[in-house]
Each structure stands twice: as structure tokens, then as C-alpha cells.
Amino acid sequence: MGAHRRPRQRITGGGRGRTAATITLAGAATATGLGGGTGHAAPEPTPAQVKAKVDKLYQEAEVATEKYNGAKEEADAAERRLEKLRDEAARKQGRLNSTREALGSVAAAQYRSGGLAPALRLALSADPDRYLDDAALLERAGSRQQAAVGRARTDLREIEQLRGAARVEVTSLTSRRAELKRHRETVTGKLDAARGLLSRLTAEERARLGHGTGDRASRASSGPRDGLSASAQAPNSRAAAAVTYAYRKLGSPYVWGATGPDAFDCSGLTQAAYRAAGVSLPRTTYAQIDAGRRVARSELLPGDLVFFYSGISHVGIYVGDGKMIHAPNPSAPVRVAPVDQMPFAGATRVV
């Protein structure tokens with residue numbers, strides 16, 4: 001029986017060995033299958049696909065940039081209002097403190113001279129005429145004292161109102177700063193993703209796709225004569241001055257949130273151009289489109305602002321012949337470009 005059992009035990013052991021081997025092979029096969037994504041990675045995107053993704057990221061970043069610009073404008077305004085409220089409250093507090101000191105002095109004097117009725121003080125006075133003059137003066141002083149008390153009460157109410165308004169502005173400012181942080185993170189995230197995609201391309205591929213063209217190429221695409229011609233066709237001197245400024249800034253780098261003089265985002269460039277012409281424009285694209293008279297695309301003249309995308313997230317300054325000067329994105333400096341390069345959304349004649 002013992003001899004008979006040993007083979008069965010060896011057979012059983014062999015089965016276990018085969019089972020373990022089968023599991024090992026199956027596991028290896030499974031691992032190979034799961035690792036297929038590495039072994040058979042998806043093909044790298046073509047330069048055209050990279051460009052499409054990058055352009056989309058830049059457009060999304062620009063939407064966030066304009067929201068950032070709007071939130072910053074509101075935060076700056078709230079900060080100015082808060083500072084004004086604090087200054088006004090400080091002035092009123094100073095006046096209230098002076099009034100309180102004066103009232104305290106009067107009260108102390110009255111306390112020291114108190115104790116005798118006015119008729120008795122008159123009877124005991126060595127100089128009744130002088131006493132009567134002093135009494136009249138005190139009566140007038142009493143009237144002024146009452147007026148001072150009234151002013152103090154008014155100042156107290158106004159100071160409390162100013163403090164309440166300041167608390168509202170602090171809340172608004174805190175909210176705007178949180179909003180700024182959110183938009184800043186969105187912008188930087190989109191731009192980082194775009195840079196990562198562009199880094200996969202060679203310099204030649206980036207240049208061919210219009211990303212990374214330097215200052216020299218941007219300036220070479222349009223000369224001084226073009227600037228003079230565009231300015232001459234402008235409807236008035238201020239529009240001409242804005243166009244001239246834009247030509248002078250060709251080749252300047254795009255920096256989101258920048259308004260010059262050496263770097264710009266899209267609405268920062270148009271704002272700076274008209275600021276140089278003596279015209280104040282709002283900060284954001286969606287406010288700039290309402291800063292003048294709307295004009296049809298067929299009626300465009302140099303100096304008109306041209307807007308793009310359904311959310312009005314990009315703007316340039318028209319320079320004639322179907323072209324504009326604009327600050328495109330971080331991969332390209334301020335340059336001349338066709339108006340039909342992006343989805344046209346409208347145009348405004350500022351002056």
C-alpha cells in the first residue's frame with residue numbers, strides 16, 4: 001500500500017506544479033496584456049494635431065485672462081474705495097476726538113465752579129456788572145457746547161456708517177482676490193499644458209505652425225510705410241495715433257495681464273494704444289466692445305477694434321487691407337495678422 005501511495009503523491013505534487021506553472025504563465029500573459037498600452041503606445045500626435053490642441057488651450061487661457069483682468073479691475077476699485085472710506089473715517093474720528101476733548105474741558109470747568117445758585121453768586125459777587133457779562137458769555141458758551149454735542153453725535157453715526165461700508169468693501173475685496181487666484185491658476189494651468197505640447201515639436205515645426213516666431217519676423221512682416229498708410233486712412237487723429245502706437249509695439253512679447261509699455265495681452269495692447277491717443281478704454285475685451293459705436297465688418301477703418309470668438313475673448317486693432325495688429329498668445333509676439341484668422345465676433349469704432 002505504501003508503494004502504491006507514493007506514485008499517487010508524486011502525481012498530486014506534479015499536478016500542483018503544473019497548476020502553479022499555469023497560473024504563472026497566465027499571470028505573465030495578463031501582465032503582458034495589461035502592459036500592452038506601454039508596448040503598443042498610441043502614436044504621437046502630428047504637428048497639426050498639436051497645433052489644434054495648443055490653439056484651443058491658448059483660447060481657453062485667454063478667456064480666463066479676460067476674467068482675471070475684470071476681477072483685478074474690480075479688486076483695484078474696491079481697494080480704492082476702501083482706502084477712501086478709511087481716510088474719511090480717520091478724519092471724522094480726529095474731529096470727534098477734538099470735540100470730546102473740548103467738551104471734557106468745559107465739563108471740568110463747570111464742575112469746579114459749581115455749587116452756588118446763579119442768583120446767590122450774583123448777590124455775593126464783588127463786581128455784579130462783571131458777573132453779568134460772564135454769565136452772558138457762559139450762556140453763549142452753553143449754546144456752542146450743545147452744538148458741539150450735536151456734531152459729536154452726528155460724527156459718531158457717520159463713523160459707524162463708514163465702518164459698515166468699509167466692512168462691505170473688505171468682503172468684496174476678499175471675494176475678488178479669491179476670484180483672481182482661481183483665474184490665475186486656470187491661466188497658468190492652460191499655458192503650462194500648451195508649453196508641454198509645443199515642447200514635443202522641433203523649432204522648425206513650431207515656426208512652420210506659427211508658434212515661436214521671433215521679433216525680427218514680426219517686424220519684417222510690416223514696415224514703417226504700412227504704418228503711415230494705415231494711420232493716414234484712419235477716420236480721425238486719435239484713431240491714427242492708436243494705430244501708430246500699435247505699429248511701434250510690433251514684436252513686443254505677450255504676457256497675460258500686461259498693459260505695456262513693453263509687454264501686453266490682447267486687451268492690454270488695445271487699451272495702451274488708445275491711452276497713448278488720449279482715450280480711456282475699459283480693461284477687458286467684453287467691456288471694450290461696448291466702448292464705442294458698433295460697425296459692420298464691411299465698414300472697418302484703421303483704428304477700429306475687432307473682436308473674436310463667441311465669448312468676446314480676443315481683440316485686435318484694425319490697420320486696413322483685412323489685417324489687424326494684435327497680441328496673439330505667449331508663443332508669438334505682437335504682430336500683424338489677417339482678421340479672418342479667428343472667428344469674427346464684431347467691431348467697434350472707439351472715436
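Analyst: Arg81 is partly exposed at 40% relative accessibility, where partly exposed lies between buried (under 20% relative accessible area) and exposed (over 50%), with a 1.4 Å probe and protein chains only. The model is predicted: local features need pLDDT of at least 70, side-chain atom pairs count only at pLDDT 80 or more, and totals for chains, interfaces and linings use all residues. Residues are numbered from 1 along each chain as its sequence is written, and side-chain values use heavy atoms, leaving out hydrogens and water.

User: Which residue forms a salt bridge with Arg81?

Analyst: A salt bridge is a side-chain nitrogen of Lys or Arg within 4 Å of a carboxyl oxygen of Asp or Glu. Here the partner is Glu169, with the closest N and O atoms 2.9 Å apart. Glu169 lies in helix H5 (residues 128-198) and Arg81 in helix H3, so the pair ties together parts 88 residues apart in sequence. Helices (H or I, at least four residues) and strands (E, at least two) are DSSP runs, numbered from the N terminus. Glu169 is buried, at 12% relative accessibility.

User: Which way do the side chains of strand S2 point?

Analyst: In a regular strand the side chains alternate between the two faces of the sheet. In S2 (residues 305-308), Leu305 and Phe307 point one way, Val306 and Phe308 the other, and all are buried.

User: Which residue in S3 is the bridge partner of Val306?

Analyst: The partner is Gly316. Strands pair if DSSP finds at least two bridges between them; four join S2 to the antiparallel S3 (residues 314-320).
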